Amino acid sequence: MKPRLILIILGLALLALLAACGEQATQPPATATPTPPVASMPTTQPAPTGTPTVPPPATEVPAPPVPSDTPAPPTATPVPPTPVPPTATPGVTRYTVQPGDNLTGIAARYGVNVDRLAQVNGITDPNMLFAGQVLVIPDGSAPLPPTPTAPPGPVDGTLVHYTVQPGDGVFAIARRYNTTVDAIVARNNLDNPNYVMSGQVLEIVVGDKTSKPAPRPTATPVPTLPPAPPPGSPSEGKWIDVNLSTQTLVAYEGDTPVFTTLVSTGVPAYPTVVGTFKIQTKLRYDDMRGGSGADAYYLPDVPYVMYFYTGGYALHGTYWHHNFGQPMSHGCVNLPTDAAAWVYNWAPIGTTIQIHW
């Protein structure tokens with residue numbers, strides 16, 4: 001009885017197994033739904049289906065470099081070319097002008113001729129140097145460029161009255177007239193040869209190379225007081241007489257002369273007005289400018305100014321020349337500064353000024 005029961009159970013189990021196998025063969029298996037990848041977890045692979053699918057063509061992925069026991073040689077870094085300093089011109093030195101330098105001192109320092117130094121650097125006015133300017137200092141062996149032939153000028157010994165032009169310097173003027181800076185300074189009583197004004201008139205003797213500045217006197221020579229005022233002059237009060245012929249100024253109180261000095265009145269191109277005037281305005285200092293083009297001038301802080309006529313005519317002190325006794329101005333009456341101070345303090349506004357030949 002027991003053996004038969006066991007056989008029946010085994011037969012039923014075999015039938016159930018066969019039925020299960022037949023059902024699996026007729027129904028496609030369910031495809032597993034892929035789940036989103038989770039970090040550090042492998043992605044679930046889809047189960048194979050009954051219908052084979054053609055896989056997409058494989059993309060070639062370059063294999064990572066296999067480390068080698070022998071290291072690869074390092075890539076050379078391009079090195080920029082080393083700049084080659086310019087080759088210095090043989091026999092030439094460059095010098096940067098410093099504050100306070102002048103061309104004569106630089107030439108002496110390097111042992112070169114000042115004319116040559118000016119010519120090599122194209123300098124027409126050796127007094128016009130500025131700090132930071134670079135000069136070429138040549139040696140003595142380099143040839144000078146050819147000098148253009150200048151038109152014939154006045155012969156030696158000729159007396160010339162030269163009107164300073166904008167940009168002029170005493171050194172250049174001296175070369176032009178074959179003379180020296182000392183000779184021009186001596187003849188015109190210049191305090192500073194580096195300071196001349198456009199429109200200033202210089203007296204020059206062509207070819208003079210011997211004159212030297214004399215020691216400056218302690219005071220401006222004062223002419224002898226005249227014995228009596230000119231005819232028709234005021235007979236009372238304070239008044240001033242300016243004589244264009246003698247280039248003198250005399251201050252009077254009534255008929256009595258109390259002060260006199262040499263002056264410089266207008267040059268022929270800019271004559272001083274003639275007539276009787278009165279002091280209209282007094283200024284301790286004033287800037288003066290005038291002229292146009294080559295005759296333009298600007299004089300800052302002119303001292304002891306006493307205007308007496310429309311157009312800027314005035315008595316005033318003078319710091320840019322000491323050539324009193326000679327016409328020098330653009331029409332004003334130039335006085336030595338100490339003399340101008342005396343007149344300024346003595347003469348009130350309204351004082352009469354008589355100007356005549």
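Predicted model: local features only at pLDDT ≥ 70, side-chain atom pairs only at ≥ 80, totals over all residues.
Isoleucine 8 sits in helix α1, which covers residues 2–26.

Aspartate 168 is found in the loop that runs between β3 (159–163) and α4 (170–176). With a relative accessibility of 17%, aspartate 168 is buried, since the limit for that class is under 20%. Two polar partners can be named for its side chain. One is the side chain of tyrosine 162, in a polar contact of 2.5 Å. The other is the backbone nitrogen of glutamine 165, which lies 2.8 Å from a polar atom of the aspartate 168 side chain. Leaving aside residues up to four places away in sequence, aspartate 168 touches Asp125, Tyr162, Thr163, Ile173, Arg176 and Val196.

Backbone geometry is the next topic. Asparagine 189, in the loop between α5 (181–188) and β4 (201–205), has a phi near 55 degrees, a positive value in a residue other than glycine. Asparagine 189 is partly exposed, at 30% relative accessibility.

Tyrosine 304 likewise is a non-glycine residue with a positive phi, near 55 degrees. Tyrosine 304 is part of strand β10, residues 297–309. Its relative accessible area of 14% makes tyrosine 304 buried.

Conventions: Residues numbered from 1 in each chain as written. Heavy atoms only, no water. Helix = DSSP H or I, 4+ residues; strand = E, 2+ residues; numbered from the N terminus. Buried < 20%, exposed > 50% of the residue type's maximum accessible area, 1.4 Å probe, protein only. Polar contact = N/O pair within 3.5 Å; in protein donor to acceptor, adjacent residues only side chain to side chain. Contact = heavy atoms within 4.5 Å.
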